[in-house]
Every structure is written in structure tokens, then in C-alpha cells.
Amino acid sequence: MVKSSAHKALLTWYETNGRHELPWRNTDNIYHIYVSEIMLQQTQVSRVQDEYYPKFLARFPTLEALGAAELDEVFGLWSGLGYYSRARNLHKSAQLSDKELPCEQTELLKLPGIGKYTASAICSFGYRQNVPVVDTNIARVLKRYFALLEVKEKTLWEYAAAFLNAADARAHNLALMDLGSLVCTPKNPHCEICPLRLECVGRNEPELYTKNKKKAYESLELFYGINIKNGNIALRVSNEKLYKGMLVLPNVEPIEENFIAAFKHSYTKYRLHISLYDVEEFVDDKVVWTPLSALENAPISALTKKAVDTLTQKGKIWI
């Protein structure tokens with residue numbers, strides 16, 4: 001049974017230490033909260049807050065505006081954020097929605113890219129419904145607080161529901177999220193300042209509840225051709241799973257005497273080894289000539305941006 005003292009201690013801690021300055025915490029705009037939740041998946045808070053969130057909402061201030069936009073423009077503003085299927089799903093969900101997102105979890109789950117966590121977060125943080133939320137940070141807090149080993153996701157959600165503070169579910173969920181991010185960290189948690197330390201069953205061996213299997217990465221070697229004419233660079237639209245629908249550099253067969261530079265890049269589960277080669281002409285008629293001056297807002301990936309930066313450093317191009 002959860003003690004009311006734990007709820008009170010958690011909310012008191014959150015009032016003083018929570019990340020109240022985050023812009024998506026200071027709005028009731030459902031769409032803005034939705035955008036932040038999608039952007040924050042696999043992305044650092046600081047990058048979303050400082051680089052992407054304000055620029056994206058300035059261009060697409062409403063769900064309707066996003067749905068009416070071309071996907072290429074959405075990709076352009078997402079460029080460098082990674083996991084581009086998020087942008088595609090965000091755009092598609094906007095087109096499927098009627099000016100506002102549904103307020104029922106069952107309906108939200110029907111939209112592309114919205115899973116159980118995102119649906120719950122929208123309902124809790126946006127619609128202020130009395131529902132539990134479980135992200136990576138909250139899951140870690142729950143595992144330690146209740147000393148849960150080898151626990152299934154379904155069970156975690158059950159514990160989250162049992163622990164939920166019905167008096168202020170939104171603040172409770174945000175407090176748990178911030179506690180996991182700032183105090184109950186994966187390594188070296190600050191148990192001595194945790195507001196839940198008195199009732200935390202796993203406080204003496206917190207590392208027991210954060211052991212993860214080592215992630216397996218796939219190594220790929222990619223060869224790209226570089227052709228620049230009259231201030232334009234040759235790109236193509238990717239049909240592959242990697243950066244699908246975005247502008248990427250054309251693939252080429254490596255020719256040693258045409259080698260320009262090489263660099264490494266990480267993308268989801270891939271560890272990429274990139275080699276760039278000078279190419280005078282492409283036989284492929286699907287080449288998209290893109291002005292170098294327009295690359296900042298073009299639908300290109302972080303990998304392509306890194307290639308352009310590498311070429312700039314080598315003195316091959318000037319932007």
C-alpha cells in the first residue's frame with residue numbers, strides 16, 4: 001500500500017526542484033504538448049528546447065497548419081533531429097485529426113507513431129486526466145521503489161496506476177519523470193536527497209534494478225558521391241529504410257583515386273563508416289540538384305549535414 005506521505009513528499013520535492021521552466025510544461029495547448037512528446041523520444045531535452053521545438057511551432061503553430069504542409073518542409077525542420085519516422089508520423093497524424101487530437105487513449109492509439117506512453121502523456125499532461133504515465137525515467141523509479149526485478153511492462157503500468165496520486169495526477173507523473181531524470185539516475189543515483197527514500201524498498205541496492213542487456217549495433221560501410229556545380233550539390237531521394245523520403249547523397253562504387261574524406265556516424269542501431277568520393281557525373285536521372293545555400297532548411301539528415309561540414313573543412317565547398 002502506498003503511503004500518502006510518499007505522495008506529499010514527492011509533490012513537495014517537485015514544487016521546488018521540478019523542471020517547471022520547460023515550455024511544454026507551461027502550456028495547455030494539446031498540440032504543443034504532443035509535438036514535444038514526439039520530439040523528446042530518443043532526443044536530449046536541451047536540443048529539443050533550444051533548437052527544434054520553438055522553430056517547429058513557429059512554422060507550424062497548429063495541428064491544422066502541420067497537416068496542410070508538405071512532408072518535405074516538415075522533414076526540413078526536423079533535419080538533424082534523427083529518427084525521421086517520427087516526423088512522418090507526426091505529419092500523418094495531423095492529417096488524420098480534425099483540428100485537435102482526440103482526448104481518449106483508445107483513439108489516440110489509432111494514430112501513427114502514438115504508443116501507450118505518448119497517448120497517456122497527452123491525456124495526463126494535456127487533457128489533465130487521472131491516468132498513469134510510464135516512460136524510462138518513471139519505470140526506473142518504480143522498479144527501485146517497489147524492488148521489482150525482471151518485471152514486465154504490463155506489470156509496471158499496474159504499479160504506476162496503484163501509485164498514482166489521484167489528487168494531482170499530472171503533477172505526480174511529471175514529478176516522477178523529473179525524479180528519475182535528476183535524482184534516481186541510471187548510474188550513481190542520489191538516494192540521500194530522494195523524497196521517496198524512506199519508503200523505497202530497493203534503496204540499498206539501486207543498481208540491481210537498472211541492469212540492461214548490452215545493445216547490439218550493426219556496422220555499415222557506405223560510399224557516397226560528391227558532385228557540386230554552380231553552387232548546387234547532387235542529392236537523391238532515399239527509398240531505403242535509412243532516411244526514407246529524405247534527400248541523401250548518391251551511392252557510388254568506391255574509386256580510390258577519387259577519394260575525398262571519411263568520417264563515422266551513428267544512427268539508431270547502426271554504426272556507419274562513411275567515405276566520400278569526387279564524381280564528375282551521375283548516370284542516374286533521379287539526381288536532385290539542391291542549392292548549397294538552401295541546405296539549412298532542406299530535408300536532409302544529420303549524416304548529410306556532417307558530410308557537407310567535412311567537405312567545408314576540407315576546403316571543397318563554401319556555403
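**Notebook: strand pairing and helix packing**

I began with strand β3 and found that four bridges join β3 to strand β7 (residues 288–291), the two running antiparallel. The model I am reading is predicted, and I keep that in mind for each entry below.

Next I looked up what else pairs with β3. Strand β4 (residues 247–248) is joined to β3 by two bridges, again in the antiparallel sense, and here I recorded Val237 as standing opposite Leu247 in β4. I then turned to strand β2 (residues 228–229), which pairs with β3 (residues 232–237) over two bridges and is antiparallel to it; in this pair Lys229 stands opposite Asn232 in β3.

What lies between β2 and β3? I found that the two strands form a hairpin with two residues between them, and that Asn230, in the turn, has a positive phi of about 50°.

I moved on to the helices and took α5 (residues 71–78) and α6 (residues 85–96), whose axes come within 10 Å and cross at roughly 135°.

Sorted by class, the residues of the contact of α5 with α6 come out as six nonpolar, one polar and two charged.

The last pair I looked up was helix α8 (residues 116–126) with helix α11 (residues 169–182), which pack at an angle of about 130° with their axes 9 Å apart. That angle makes α8 oblique to α11. On the α8 side I recorded Tyr117, Ser124 and Phe125 in the contact, while α11 contributes Ala169, Arg170, Asn173, Leu174 and Met177. By class, I have five nonpolar, two polar and one charged residues for the contact of α8 with α11.

Notes:
Residues numbered from 1 in each chain as written. Predicted model: local features only at pLDDT ≥ 70, side-chain atom pairs only at ≥ 80, totals over all residues. Heavy atoms only, no water. Axes fitted to C-alpha atoms, helices over the stretch in contact; angles between N-to-C directions. Nonpolar A, V, L, I, M, F, W, Y, C, P; charged D, E, K, R; others polar. Parallel < 35°, antiparallel > 145°, perpendicular 65-115°, else oblique. Contact = heavy atoms within 4.5 Å. Pairing = 2+ DSSP bridges.
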